[in-house]
Amino acid sequence: MNCLVTGGSGFIGSHLCDLLVAEGHNVVVLDDLSTGNPINLNEAAKTEQLIFIQGGINEVERYANEIGHIDWIFHIAGRADLIPSIENPVDYFDVNTRGTLCMLEYAKRIGVKRFVYTASSTCYGIPDKYPTPETAACNVEHPYGLTKYLGEQLVIHWANVYQLPALSLRLFNVYGPRSRTSGVYGAVFGVFLKQKLEGKPYTVVGDGEQTRDFTYVGDVAKAFLAAAQSDKVGEIYNIGSGHTYSINKLVDLLGGEKTYIPRRPGEPNCTFADITKIQKEIGWKPAVTLEEGVQKMLDNIDFWRDAPLWTPESIQQATKTWFDCLNKYDTCK
């Protein structure tokens with residue numbers, strides 16, 4: 001197939017590109033490089049199957065001639081991270097929500113065979129049920145989660161109204177090689193691996209007993225491919241590991257000392273995907289255990305050598321907006 005991967009030079013997108021090329025598909029990457037890095041595509045770029053276009057999803061029509069004929073669209077591009085979404089909500093709505101609308105209209109115009117959207121498990125907020133099924137109520141806690149959820153609603157609406165062959169994947173706590181090393185305080189793996197390189201204690205939020213559904217990026221890429229190969233339309237699927245692990249368990253696997261920082265408002269004690277639906281309807285299931293995935297991260301730990309080193313003090317400063325705006329007993333300042 002001829003595939004368009006938006007955000008293809010980013011963390012998840014580059015792993016998907018590697019898989020698509022390995023499976024014999026042709027890939028066009030559309031990425032504005034706001035967070036992605038062309039280095040992530042070094043392996044795929046060694047073939048003639050990959051074309052890279054630097055550009056934004058809101059202007060996808062501008063690149064239509066360069067993109068050419070497309071069968072499958074994997075829409076991964078978007079703004080990530082919670083704190084910047086609180087500080088710059090308009091930008092998040094412009095990219096995550098309006099950008100998705102632009103991609104849907106483009107897909108509708110060219111008549112794609114498949115459109116797979118990257119949704120976020122943050123739409124569930126603090127769930128009432130674990131493992132959390134797709135039928136659980138969505139109670140988003142911050143602009144990032146809201147913009148991704150609104151994008152998903154557009155995708156399902158376009159599938160229902162315009163018969164666009166689209167579906168949505170709600171990703172849970174994706175980790176693995178090439179995860180971002182930007183200056184934004186975010187995913188726990190990037191924070192911890194840099195701290196390990198520097199011999200510093202891991203900054204564990206709360207008591208570390210909160211659990212997360214850490215899902216290996218290689219498994220996530222395979223879920224995207226399986227979704228594209230399926231005949232499902234207008235459906236939403238959770239993508240998780242089938243397990244949930246404590247932060248203390250992660251620290252034990254990484255090895256090293258830890259220090260504790262305050263719990264953050266609006267964060268669930270647990271994320272845990274019910275993946276029964278995708279297993280039954282599409283046949284995808286995760287294969288990489290946390291132990292195996294962590295070892296893969298440690299084998300590539302030099303990737304995080306230039307990442308920012310976070311300390312309790314710098315984290316407190318970086319998350320001030322988070323506490324100001326998401327504390328249910330305070331007003332947003």
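1. Pocket first: the second largest pocket holds about 200 Å³ of space. Here a pocket is an open set of points on a 1 Å grid over the protein atoms alone, with protein on both sides within 12 Å along at least five of seven lines, and lining residues have an atom within 4 Å of a point. Volume is the space filled by probe spheres set on the points, which are joined across faces, edges and corners. The lining takes in F11, T35, G36, N37, I39, N40, R178, S179, R180, T181, S182 and F303. That splits into 3 nonpolar, 7 polar and 2 charged residues, with Gly counted as polar.

2. Before going on, a caveat: this is a predicted model, local features need pLDDT of at least 70, side-chain atom pairs count only at pLDDT 80 or more, and totals for chains, interfaces and linings use all residues. Numbering runs from 1 along each chain as its sequence is written, and side-chain values use heavy atoms, with hydrogens and water left out.

3. There is 1 cavity of 30 Å³ or more, a cavity being a set of points where a 1.4 Å probe fits but cannot get out. The largest cavity comes to about 50 Å³. Around it sit V205, Q210, R212, R263, R264, E267, P268 and N269, and 4 of these lining residues are charged, with 2 nonpolar and 2 polar.

4. R264 turns up again beside T319, which touches I83, Y185 and R264, leaving aside residues up to four places away in sequence (contact means heavy atoms within 4.5 Å). T319 sits in the loop between α11 (312-318) and α12 (320-326); helices are DSSP runs of H or I, at least four residues, and strands are E runs of at least two, numbered from the N terminus. T319 counts as buried because its relative accessibility is 2%, the cut-off being under 20% with a 1.4 Å probe, protein chains only. Its side chain reaches the backbone oxygen of I315 at 2.7 Å.

5. Helix α6 (residues 188-197) is mostly covered, with 7 of its 10 residues buried. Those are F189, G190, V191, F192, L193, K194 and Q195. The cover includes β7 (174-175), β8 (202-205), α8 (247-254) and α10 (290-299). Just after α6, G199 has a positive phi of about 70 degrees.

6. F192 also belongs to the largest nonpolar core, where F74, L169, F192 and F224 touch the most other members out of 71 residues. Helix α7 (residues 217-229) gives the most to this core, 9 residues. Such a core is a set of buried Ala, Val, Leu, Ile, Met, Phe, Trp, Tyr and Cys residues joined through side-chain atoms within 4.5 Å.

Technical notes. Buried < 20%, exposed > 50% of the residue type's maximum accessible area, 1.4 Å probe, protein only. Polar contact = N/O pair within 3.5 Å; in protein donor to acceptor, adjacent residues only side chain to side chain.
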